[in-house]
Amino acid sequence: MPIDQHLLLAFLLTTTIAMITPGPDMLFILGCGMRSGPRAGLLATAGVATSEAVHVAVAAAGLAALFAAVPVAFTAVRIVGAAYLIYLGVQMIRHRNDAVDDAPAGAAMSGRKAYLTGLTTNLLNPKMVTFTIAFLPQFVVPAHGRVWLQFAVLGAILIVLEFLVDGTVGLLSGRIGGWLRSRRTARRRIDTATGGIFIGLGVRLALLR
C-alpha cells in the first residue's frame with residue numbers, strides 16, 4: 001500500500017463523516033430518487049461520482065507534476081489546504097443551526113437527465129475543485145513515491161464511498177427523505193462533529209508530517 005496507514009485511517013474517517021452530512025449533492029440525489037424513482041437516484045449518484053473522478057484525475061495529474069518539479073510546492077499546498085479545511089470546519093459549526101432545505105419538488109426526470117445533471121452540476125462546481133485540491137494532498141506523502149498512485153487510491157476510495165452513501169440515499173429516497181426532513185437535531189450534531197474533525201485534521205496536518 002503506497003499510502004501511510006495512519007493517514008489512510010484519517011482519510012476514511014473524515015471522508016465517511018463528510019459524506020453522510022446532508023449537502024447539495026445528497027439533496028439533489030434525494031430529489032431525483034423521490035421524483036423519478038430509485039433508478040434515477042442511482043444514476044444521479046453515478047453522475048456526481050463521474051465528476052468526482054474527473055476532479056481527482058485532474059488534481060492528481062497537475063499536483064503530481066508540480067510536486068515533482070518543485071518539491072517545496074507540496075508544503076505550500078499542504079498548508080493552504082489545511083487552512084481551507086479549518087475554514088470549512090468553522091463554517092460547518094457556525095451554520096449548524098441553518099435549516100437544510102427539503103429536496104426540491106418538480107417534474108420527474110429521465111435516468112439520462114439525472115446522470116447528466118449530476119455530472120455537469122458537480123463538474124462545474126468551483127467548491128468541489130477547491131475541496132479536491134485542498135483535501136487529497138493532505139493524505140499524500142511524496143517521500144513514499146508514486147504520488148499519482150496515492151492520488152488514484154484516495155480517489156477510488158472517495159468514489160466508492162460516494163456510491164455507498166449517496167447511492168443508498170438515491171435507492172431509499174422516500175424513507176431517507178423523511179429522516180432528513182424530521183431529524184434536524186441529528187443533522188446539527190453531524191455538522192458539529194464533521195466541523196470539529198475538519199478543524200482538528202487541518203491543525204494536525206498543518207503542523208505535522
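Helices (H or I, at least four residues) and strands (E, at least two) are DSSP runs, numbered from the N terminus. This is a predicted model, in which local features need pLDDT of at least 70 and side-chain atom pairs count only at pLDDT 80 or more, while totals for chains, interfaces and linings use all residues. Residues are numbered from 1 along each chain as its sequence is written, and side-chain values use heavy atoms, with hydrogens and water left out.

View 1. From the N terminus on, the elements run α-α-α-α-α-α-α-α-α. Of the 209 residues, 45% are buried. Buried means under 20% relative accessible area, exposed means over 50%, and partly exposed lies in between (1.4 Å probe, protein chains only). Contact means heavy atoms within 4.5 Å. Among contacts with a separation of 6 or more, 86% join residues 24 or more positions apart. The chain exposes about 10,300 Å², and carbon and sulfur atoms supply 68% of that area. Accessible areas come from the Shrake-Rupley method with a 1.4 Å probe; for residues, only the protein chains shown count as cover.

**View 2. Helix H2 packs against H7.** H2 spans residues 24-36. The two axes are 7 Å apart, at an angle of about 40°. That makes H2 oblique to H7. On the H2 side, the contact is made by Asp 25, Met 26, Ile 29, Leu 30 and Gly 33. On the H7 side, Glu 162, Val 165, Asp 166, Val 169 and Gly 170 take part. Axes are lines fitted to C-alpha atoms, for helices over the stretch in contact, and angles run from 0 to 180 degrees between N-to-C directions. Angles under 35 degrees count as roughly parallel, over 145 as roughly antiparallel, 65 to 115 as roughly perpendicular and the rest as oblique.

**View 3. Leu 30 sits in helix H2.** Leu 30 counts as buried, because its relative accessibility is 2%. Leu 30 and Leu 171 are 141 residues apart in sequence. Their C-alpha atoms are 8.7 Å apart in space.

**View 4. Val 140 lies in the loop between helix H6 (126-135) and helix H7 (147-171).** Val 140 is buried, at a relative accessible area of 0%. Phe 151 is 11 residues from Val 140 in sequence. The C-alpha to C-alpha distance of this pair is 7.1 Å.

**View 5. Gln 150 belongs to helix H7.** Gln 150 has a relative accessible area of 0%, so this residue is buried. Phe 139 is 11 residues away along the chain, and the two C-alpha atoms are separated by 8.4 Å.

**View 6. Leu 42, Phe 163, Leu 171 and Leu 172 make a nonpolar surface patch.** The patch covers about 340 Å². Leu 42 is found in helix H3 (residues 38-69). At 35% relative accessibility, Leu 42 is partly exposed. Like charges are joined within 9 Å, and nonpolar side chains (Val, Leu, Ile, Met, Phe, Trp, Tyr) within 5 Å.

Definitions and conventions
Patch = residues over 30% accessible without salt bridge, like charges linked within 9 Å, V, L, I, M, F, W, Y side chains within 5 Å. Salt bridge = Lys/Arg side-chain N within 4 Å of Asp/Glu carboxyl O.
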